[in-house]
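Here's a quick briefing to read alongside the model. Have the viewer open and follow along, one topic at a time.

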Amino acid sequence: MNITVLYNNPASDAYEEQDTKISAELVCKTLKAKLLGISKDQANNFRLTETDFVFNMIEWSGIDFKYGVDAIGRLDELHIPYSGCHKAGYELTSNKVLMKNKFVELGIPTPKFQICNDENIQNNLQFPLIVKLAHEHCSVALSQGNVVTNEIDLKNKIKQLRTKYKMPVLVEEFIGGDEVQVAVLTKNKQAWVLPPCVVKYKQASGYWPMLSYEVKSIENHWEWDMAGDDWYDMTDYSKALQNQILQLAKKSFVKMGGRGYSRIDMRINPGQTQAYVLEINHNPGLDWDEGNGLAYAAQRAGFKSFCEFLTFIIDETIRP
């Protein structure tokens, strides 16, 4: 089988841009495939030759997510099988405005939120609140200072982010418990939830438990000491909470257009009685390092190598 790994050329040296390229190169090397990087002006007119399958690593971020939608539409036009979600699922989960509103429509528990195009808060949100960019991934512009405890700081943070990044912002109630990353694969045309990976944060004055941009992009950043290098399982949770997490992951994957592989990020309330879905990423970065939640979950699920994992995704995609 002739495989092409498709990705978007990085627009800068920033972590979130280079991460996509690095992931695509690793998948390409593992599968002994061809590599094709495309730019924005090629998103809806690129060509593929001698290709039987496309491993789609497209992950345009920010307001550029629309080019990812175009690229997947182009794959549909070419009638070549490809990994990952279809166009509608990609758009739905690349745009937090669409994603969060869809969670509400589907009854998927998510922190109470508001999308802001100015500094006015209409909903009765309870502090502390966290302020995020509505069209970004990889925790871009997300740091300790994004959690606010009063109206003045909230308005200032909204204005700061909107002015710098020229996009709406998402304001939501901050859930301060554990973080759970849940990988879901397609298996026999059904959603297969892999063993969830739990991040247990340390509690300290002046620290908000989160995986910030600094943690993801700066080696040995001090916040690593608060999140730790270890993943935990769900043995500390009640059976009711464990079942809730698994069912929420499955529902989110199916109802939000998942296909192939996705990662669902959740937070658990401090009382460990309720899971909240923060977001779902249908085209997460792939590698085989245990520090990657999806890779760690795949290894716990029984995959012996990165090649076996990637081949499974391909085989399930082309399954009749």
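Leaving aside residues up to four places away in sequence, Lys157 touches Val131, Gly145, Asn146 and Val148. Keep in mind that this is a predicted model. Lys157 itself belongs to helix α5, which covers residues 151-165.

**Lys157**
- Is Lys157 buried or exposed? Lys157 counts as buried because its relative accessible area is 13%, and the cut-off for buried is under 20%.

**The four-stranded sheet**
- The strand order is β4-β7-β5-β6, in an open sheet with antiparallel pairing.
- The edges go to β4 (113-116) and β6 (147-148); each has a single partner strand, so one side of each has no neighbour in the sheet.
- Strand β5 (residues 129-133) and β6 run antiparallel and are joined by two bridges.
- Across that pairing, Ile130 sits opposite Val147 of β6.

**Helices across the sheet**
- Helix α4 (residues 96-106) lies across β4, β5 and β7 (169-173), and runs at about 150° to β4.

**The β8-β9 hairpin**
- Strands β8 (residues 179-187) and β9 (residues 190-193) run antiparallel, with four bridges joining them.
- Val184 faces Val193 of β9 as its opposite number.
- Which residue takes a positive phi in the hairpin of β8 and β9? That's Asn188, with phi near 55°, and the hairpin has two residues between the strands.

Technical notes. Residues numbered from 1 in each chain as written. Predicted model: local features only at pLDDT ≥ 70, side-chain atom pairs only at ≥ 80, totals over all residues. Heavy atoms only, no water. Buried < 20%, exposed > 50% of the residue type's maximum accessible area, 1.4 Å probe, protein only. Contact = heavy atoms within 4.5 Å. Pairing = 2+ DSSP bridges. Axes fitted to C-alpha atoms, helices over the stretch in contact; angles between N-to-C directions.
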